[in-house]
Amino acid sequence: MIRLLMILAAILLVGGGTLTRFLDSAVTAMPSKAVAAKPEPARPPVASGRTMTLSSGRDSHYEVTARVDGGPVDFIVDTGATLVILRESDAARIGIRPSRADYTATVSTANGKIKAAPANLDRVELGGITVYDVRALVLPDEALWRNLLGMSFLSRLKRYEVANGRMVLEQ
């Protein structure tokens with residue numbers, strides 16, 4: 001009798017585990033309405049003198065258009081990026097065109113290591129905030145889907161702060 005109960009328990013245990021894995025894979029394979037929904041655009045930044053307040057978008061990113069060496073460039077503010085990172089096409093649009101020989105820096109990304117070209121931006125303007133002589137890297141377009149406004153800009157501010165879905169930048 002005990003042997004029969006143990007066999008039954010083993011069958012239930014194996015069957016339950018298999019059923020759980022099946023249900024997990026079925027749920028994972030189902031399309032998510034959150035993924036299908038269009039992300040809500042971030043509110044426009046609010047500038048007041050040398051302070052700017054950004055609202056995060058539905059994807060929790062802080063998006064902003066800055067003027068780099070006089071030309072507009074769209075960025076995601078990224079406190080995890082050491083430098084300002086530009087896509088080749090956006091860099092070229094504002095007059096930065098590194099040659100293949102300029103790609104001397106090696107950068108580790110989520111997709112592995114890639115070569116990047118060091119660059120120096122004369123000025124980055126964001127509302128009333130202006131930072132001069134900003135270190136940057138140029139990466140091939142396929143390595144990056146958006147430009148990153150990193151710490152070589154942010155660390156030169158008086159403060160930057162994130163709270164309640166808002167980022168405050170102050171010079």
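**A tour of selected arginines and their partners**

Select Arg50 in the loop between β1 (46–48) and β2 (51–55). Strands (E, at least two residues) and helices (H or I, at least four) are DSSP runs, numbered from the N terminus. This is a predicted model: local features need pLDDT of at least 70, side-chain atom pairs count only at pLDDT 80 or more, and totals for chains, interfaces and linings use all residues. Residues are numbered from 1 along each chain as its sequence is written, and side-chain values use heavy atoms, leaving out hydrogens and water.

Arg50 is partly exposed, at 47% relative accessible area (buried is under 20%, exposed over 50%, partly exposed in between; 1.4 Å probe, protein chains only). Now show its contacts (heavy atoms within 4.5 Å). Beyond four places in sequence, they include Gly128, Leu169 and Glu170. The C-alpha atoms of Arg50 and Leu169 are 8.2 Å apart.

Next, select Arg87 in strand β5 (residues 84–87). Arg87 is buried at 19%. Its side chain forms a salt bridge with Asp141 (4.0 Å, N to O). The rule: a side-chain nitrogen of Lys or Arg within 4 Å of a carboxyl oxygen of Asp or Glu. Asp141 lies in the loop between β8 and β9, so the pair ties together parts 54 residues apart in sequence.

Move to Arg146, which Arg87 also touches. Arg146 is buried and forms a salt bridge with Glu63 (3.7 Å, N to O). Glu63 sits in strand β3 (residues 63–68), 83 residues from Arg146.

Asp90 is buried; Arg93 is partly exposed.
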